[in-house]
Amino acid sequence: MLHDTIAAIATPTGGGIGIVRISGPQSSAILRSVFSASKPDSFKNPAHTAHGTPLEFWRKSPCRLRRGWITEPGTHRILDEVLAVFMPGPCSYTGEDVVEIQGHGGISSLGSVLALVIQMGARLAQPGEFTRRAFLNGRMDLSQAESVLELVESREATSAAQALDRLGGSIKLHLGPVFSAARDALAEMEAFLDFGEDVQDMDIPRIALRLRENVLPQIRRLILRSRKFALSPKAPRIVVAGRPNVGKSSLVNALLGEERCIVHSSPGTTRDTVRAECVFSGAHVEMEDTAGIRVTEDPVEQQGVSRALASISRADLVVFVYDASTGLLPEDLEILGQVEHPSVVLAANKTDLLSGAPTPVSLSSRPWVPVSAKTRRGLDALESRVGERLKADIPSGEEETCVVNLRQRGHLEAALAFFEGAAIEGEGEGRVELMAEDMREGIRELQKIFGEGTDMGILDAIFGRFCIGK
Amino acid sequence: MKAQDMAFYPKQYDLIVAGAGHAGAEAALAAARMGCSVCVFAVNLETLAAMPCSPSIGGTGKGQLVREVDALGGAMAKISDLTAIQYRTLNTRKGPAVQSTRTQNDKNRYHLAMKQVMERDARIDLKQAIIERLLIEDGRITGVVDHTGYAWGARAVVLATGTFLSGLIHIGHTSMPAGRAGEFPAYALAEQMKALGFAMGRMKTGTPARLHRASIDFSVMEEERPDPAPRPFSLGGTVSPLPQLSSHTAHTSAKTRQIIRENLGLSALYGGRITGAPARYCPSLEDKVVRFADKERHQVILEPEGIDSEEIYASGLGNSMPMEVQVALVRSVPGLEQAEIMRPAYAIEYDYLNPLELLPTLMTKRVEGLFTAGQINGTSGYEEAAAQGLWAGVNAACLVQKRPPFILTRAEGYMGVMVDDLVTKGVTEPYRMFTSRAEYRLLLREDNADLRLMEKGREYGLVDPDLYKAMAERKREIADELARVNKTIVKPGPETAAWLQERGAAPLEEAAPLSRVLKRAGVDYGFARRFAPAPGEISPEAERQVEIEVKYEGYIARQLKEVEKAGEMERIKIPPGFDYGTVPGLSNELKAKFARIRPVNLGQAGRVEGASLAALYAVLTALRAGGGVGKDEG
């Protein structure tokens, strides 16, 4: 049977909510350690007794959703407010004990829930592994299997393509030399083990040193970069700004496709900035609606204005909205001057009120898009101009581009531990067969990042480099 | 000629083995142990179990195979012990997982000892004849026909033809059909196999010159002395009674390199007269000089061929040059200036059967009851041959006796690794065993072959009951001792500190289990014997096993976990007639590959080149749809 417990984010990135799925014998133990049904502020005095402990609840009513909080054991830091469900095997999706935690879809919160689950003993699932378990445990019939497979495969394909596109192959660029260095080191070890008579001298500490120089720091750097990224998620932030009453909120709502912001026709209704996460032009972004900016004596409104300006200063991109029916007014230009942001897209809203075509505005090469929040005309154009602008703004320095995702990071961390083990053995007792064992495992982990097979081509590497045979 | 018109030998055999080399001998002996009547054909009975190349058995990766054959009741290790003239343990400075036994053997005595064992086996008949044709009825083997047209009936046939199928020897511009130097080749059988549609290929191997001992100046060479305290190769055996001899190491010179370069065009290999695939790990001297041009000298090891023989095997000098070049290049090696060549080096090409034609039992997919073993399957080496011979012989017996097939997994033995590699990946050069081919190298050690395999060997009636009993006893002893060292607590004190310090280890800081102390670098079983001895006596074998288990502990546990994980896929069987053509989502290339290789389970399918996870899902889905998935048995 399968002894380890796996976990992964089971939903595509960018949704409003997301699910962390856990499967395996430790599922319930992990759930118990991270999930609290009591309110977080009363957590220090657990109030489980009201409805029994969470697990008692699910023992009585399995497969039922329960609201609660994911908190870090020890620190009691709250990671997310969630709905959780425990589905005991064998009647679950995989046939094993399964836990699903529905949390908020942001990369940060869902990612940190997953990271915690893994910290508590689960292993990051490989692509399609839940389905594989379901198959192996005989839980799927043909039609289910086929549909799930298509889903898994298509998702893998697109996400792989996306990842490649986004990173411009930089993982391969970064890991390629690491991979060859590791493989060369292993080839040397294998040659030493298998062809001791031909390859007599091997400087074991030197190989360990090579690992320390050419393999470990490179992997460590990638992991650190990814951790930094995960701790402060940089979903690009788009701030919508403009004078009061030019239709910013309606435009944001139209873009989001749902009535989420407060919309009102009298100036200054959106006093606070309103945020929403969404998938925008293929990327996961945070969209922020701001209070209208104008000179005002009202202290409350003034607060809103300064908050809006603060938001703009943190923004990755500003959509500056003005009223197409009035055209670009001196006040608009004044505010634009205050905005002082390098990335601004001009949106001429309310084009539905015009009888003819809006007059194009050319302001130091800032993209200009005529739209109507009311009729939704021009929204697609706006979305794509914003997308283009965001892509152009992604810094091109190689240090920033190669950020691995959580799955890849899991493999990198595992590989790092194995290579580190090999280096330590090399500096210590120097038992080459054990170093080789760690190298093999580490290389296997790296191959999983590339999605490559298990054939290491080690023999080819050996015969290419050493004169073997008496 | 039809079968009913032919003259048949009156006795009908369970098994016929064509070829009496290391594969043929083990095949016959294993089937006989299982109660089969066996007839073995040799082209020449004087060269039964011959050592046509290096007069040695074992070596890295190979020693493990010999021990596995031994644990399954095979003869190789025993014959090796009877005839060894030098024992060495390779890789002694490396860990137990990669240590291997290697013996130099008196090659005539080896042949005679194996011949005697086979002659004295009441179930085996030895015959001198060349097998020219297979008799097949309705896709099943029924017997063979020899070169005189006489027919021999059997229910199963193992072909262990070595280099004899369409064998062609090359020495410079001269080439001659031969099975080995001085022996008839087998051309007709190869032609029939091709006509039957078998995918055959061509490989090349070779052997160096034999020199006269008296013509060699050993004084300028490095002496390689035999192990003064050798351990027997065979389990429960004794070491060789023969005198133990040294080998000598010499090196080629700049002149050797020059001679090769100047005469490259005369080499059969480089002159384009050889089409067979050579092995990269066993390059000829021409190859070494060309491919590693900057290497100034290459090792030559001079090994005695036997007690009564003056012939010396010149390992490292293999080539396919004409005689005049051979004489010059041998004499360009310091110490060999006066060397007399008794037998020239030669290259030989021969036909092999693409092992993708085989099931994991080593039975061909085309003809039921026809098995192949050894070099015919594209492998090289006596040990690889012996292991396949045993495997094919046992499975032939299983077929005849309607027993379940005998399969070892990659986690159970090097034999399992080799056969799985052959039937799943095929070969592009002569296949030799390396420890790097085994993913569970730390588990598959020479020292635990008996513990790993004897139980299975006993199930098939391959193992001597007394040896089995001794092994079971040892297994218990090891388990008890392992439990003891885990729970025995050692306290720090001046005595242990002194002992540890002597061996460069730090003194104990607190009381610790004995196993944790044994795990430390530099600490061997002497510590346990001195400070926490077992109540009873512990055999050296058990001590060694416990020490290895303790020292490798974390790694062994990790590998066992991997084995378990891999086992999930191995347990999902694919029925023999499974139709890949109707599996949606499989590429045509993979469909063709699967259909040809016919993996027996999902694990094997996953090792087929190019098989992706998605492809395996697709196969699994189709399997479940068909309802024909056996998950539990075997």
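How far apart do the C-alpha centres of domain 2 of chain B and domain 3 of chain B lie? In this predicted model, the two centres lie 47 Å apart. The assignment for chain B places domain 1 at 210–347, domain 2 at 465–557 and domain 3 at 571–626; such bounds come from an automatic or database domain assignment. Residues are numbered from 1 along each chain as its sequence is written, while chains are lettered from A and ligands numbered from 1 in the order in which they are written. Because the model is predicted, local features need pLDDT of at least 70 and side-chain atom pairs count only at pLDDT 80 or more, whereas totals for chains, interfaces and linings use all residues.

Chain A contains 16 helices and 13 strands, where helices (H or I, at least four residues) and strands (E, at least two) are DSSP runs numbered from the N terminus. Of the 470 residues in chain A, 41% are buried. A residue is termed buried if 20 or more other C-beta atoms lie within 10 Å of its own, exposed if 12 or fewer do, and partly exposed in between, with C-beta atoms placed from the backbone. Among contacts in chain A between residues at least 6 apart in sequence, 67% join residues at least 24 apart; a contact requires that the C-beta atoms of two residues, placed from the backbone, lie within 7 Å.

Two loops of chain A show particular backbone features. The peptide bond from Gly89(A) to Pro90(A) is cis, and its omega is near 5 degrees. Pro90(A) belongs to the loop between strand 5 (78–87) and strand 6 (98–104) of chain A. In the loop between strand 13 (368–370) and helix 12 (379–393) of chain A lies Arg376(A), which is not a glycine and yet has a positive phi of about 70 degrees. Arg376(A) counts as partly exposed because it has 13 C-beta neighbours inside 10 Å.

A positive phi is also found in chain B, at Asp138(B), where the value is near 50 degrees. Asp138(B) is placed in the loop between strand 7 (131–137) and strand 8 (140–146) of chain B, and it is exposed because 6 other C-beta atoms lie within 10 Å. Ala23(B), in helix 1 (residues 22–33) of chain B, is buried, since 34 other C-beta atoms lie within 10 Å. Among the residues that Ala23(B) touches, not counting those up to four places away in sequence, are Ala160(B), Ala373(B) and Gly389(B).

Helix packing was examined next. Two packed helices are described by the angle between their axes and the distance between the axes. In chain B, the axes of helix 6 (residues 254–262) and helix 8 (residues 323–331) come within 8 Å and cross at roughly 160 degrees. Helix 6 of chain B is therefore roughly antiparallel to helix 8 of chain B. Axes are lines fitted to C-alpha atoms, for helices over the stretch in contact, and angles run from 0 to 180 degrees between N-to-C directions; angles under 35 degrees count as roughly parallel, over 145 as roughly antiparallel, 65 to 115 as roughly perpendicular and the rest as oblique. Thr256(B), Ile259(B) and Ile260(B) of helix 6 meet Val325(B), Ala328(B) and Leu329(B) of helix 8.

The buried residues of helix 8 of chain B are Val325(B), Gln326(B), Leu329(B) and Val330(B). Viewed down the axis of helix 8 of chain B, these residues fall within an arc of 125 degrees, so they line one face of the helix; the arc is that of the directions from the helix axis to the C-beta atoms. The cover over them includes strand 13 (210–212), helix 6 and strand 18 (341–343) of chain B.

In chain B, helix 11 (residues 449–459) and helix 12 (residues 465–487) have axes that come within 10 Å and cross at roughly 135 degrees. The contact involves Asp450(B), Leu451(B), Met454(B) and Arg458(B) of helix 11 and Tyr468(B), Met471(B) and Lys475(B) of helix 12. These two helices of chain B are therefore oblique to each other.

In helix 18 (residues 588–597) of chain B, the buried residues are Leu590(B), Lys593(B), Phe594(B) and Ile597(B). Down the axis of helix 18 of chain B, they fall within an arc of 95 degrees and so line one face of the helix. The exposed residues Asn588(B) and Ala595(B) are carried on the face turned away from that buried side. Just after helix 18 of chain B, Arg598(B) takes a positive phi of about 50 degrees.
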